[in-house]
Amino acid sequence: MNPLPTKGSASGAVSAPGAPRPVTPVALLADTLARLAGRSDLPPDVVAELSAAAELASGVDGYAGRCTTPESPALRELAARTAEHDWRGRGGGVALEQEMLSGHVEGQLLKTLLRALRARRVLEIGMFTGYSALAMAEELPDDGVVVACELDPDVAAFARERFSASPHGRKVDVRVGPALDTLAGLVGGEPFDLVFVDADKAGYTEYLAVVLDGGLLAPHGLVCVDNTLMQGKTYLPGARDAVGAAVDRFNRHVAQRPDVAQVLVPVRDGLTLIRRVTPGTGEP
Ligand SMILES: C[S@@+](CC[C@H](N)C(=O)[O-])C[C@H]1O[C@@H](n2cnc3c(N)ncnc32)[C@H](O)[C@@H]1O
């Protein structure tokens, strides 16, 4: 298990409440360009180009959000409470921070995938305050379920409180403890239509192995794996750290598995969609 924040900083430091830090390649790019554009020692034409480039990059997320179906009031409230909560100073356990929350556009993408799959059963590995779990629950039929794995009991309690404020919250079945233990107990049961992997990055390869080889994925199912760009630390040798190296190893492992086809969608910090194929032919 890797205890470092997953959608957060390279340092692993926990953040103060307030505006979220940039934690995606595009947001980091926008931040750097804006900083350079503010330098007084650069020629005006360079500053003008840097400003234009900063606006180009910083506009992506906002524009995508404005062009995406709005989130429900319950999800908006959950995101707001996550942002205003002070995640510092928690003793032991996993370092948590508001930037871990996937958010509006990714939540809507997951919902769209669930609808396309006509999904009823979802498995989430890494729940945090429950944004993606509740977003997915909203899309499921009345008899649908999101089995959501979370290691940290405090953040699980936070999420449960938000679930109780939504009529869809009852579809989320929270399992507190190491995800691998929870998965072991699910093997042999009814498989899942969609599995969202979003916990400790060092565990990704093992999670995928249990999901695929343990029969947890329905034949038509989809595995969605978050943070597969990992702020560029996967592909920038100079920025590589332990988490970036773990995600890059995972990405290479997926690319080499003959029984899956995958696409890395560069939304937010990268979301890889993985489906089963027949080895050799690549057919369904
Ligand atoms: C990136 S956050 C999940 C964000 C959430 N899916 C969302 O979109 O809002 C990762 C979560 O995984 C949890 N986690 C880390 N290691 C875990 C493990 N071994 N088993 C279960 N949960 C784990 C962390 O406590 C954290 O809450």
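Guide: Helices (H or I, at least four residues) and strands (E, at least two) are DSSP runs, numbered from the N terminus. Residues are numbered from 1 along each chain as its sequence is written. This is a predicted model, in which local features need pLDDT of at least 70 and side-chain atom pairs count only at pLDDT 80 or more, while totals for chains, interfaces and linings use all residues.

Visitor: Which residues of H4 are buried?

Guide: A residue is buried if 20 or more other C-beta atoms, placed from the backbone, lie within 10 Å of its own, exposed if 12 or fewer, and partly exposed in between. An α-helix has 3.6 residues a turn, so residues three or four places apart point the same way. In H4 the buried residues are His104, Glu106, Gly107, Leu110, Lys111, Leu113 and Leu114.

Visitor: How does Leu186 count, buried or partly exposed?

Guide: Leu186, which is found in helix H7 (residues 179–186), counts as partly exposed because it has 19 C-beta neighbours inside 10 Å. Not counting residues up to four places away in sequence, Leu186 touches Val147 and Leu216, where contact means C-beta atoms, placed from the backbone, within 7 Å.

Visitor: In what order do the strands form the sheet?

Guide: Strands of a sheet pair through backbone hydrogen bonds, either parallel or antiparallel. Here two strands pair if DSSP finds at least two bridges between them. Seven strands form an open sheet in the order E3-E2-E1-E4-E5-E7-E6, with mixed pairing. Strand E3 (172–176) and strand E6 (260–265) stand at the edges with a single partner strand each, so one side of each is left without a neighbour in the sheet.

Visitor: How many bridges join strand E1 to strand E4?

Guide: Four bridges join E1 (residues 121–125) to E4 (residues 192–197), and these two strands run parallel. As one example, Leu123 has Val195 in E4 as its bridge partner.

Methods
Two residues are in contact if their C-beta atoms, placed from the backbone, lie within 7 Å.
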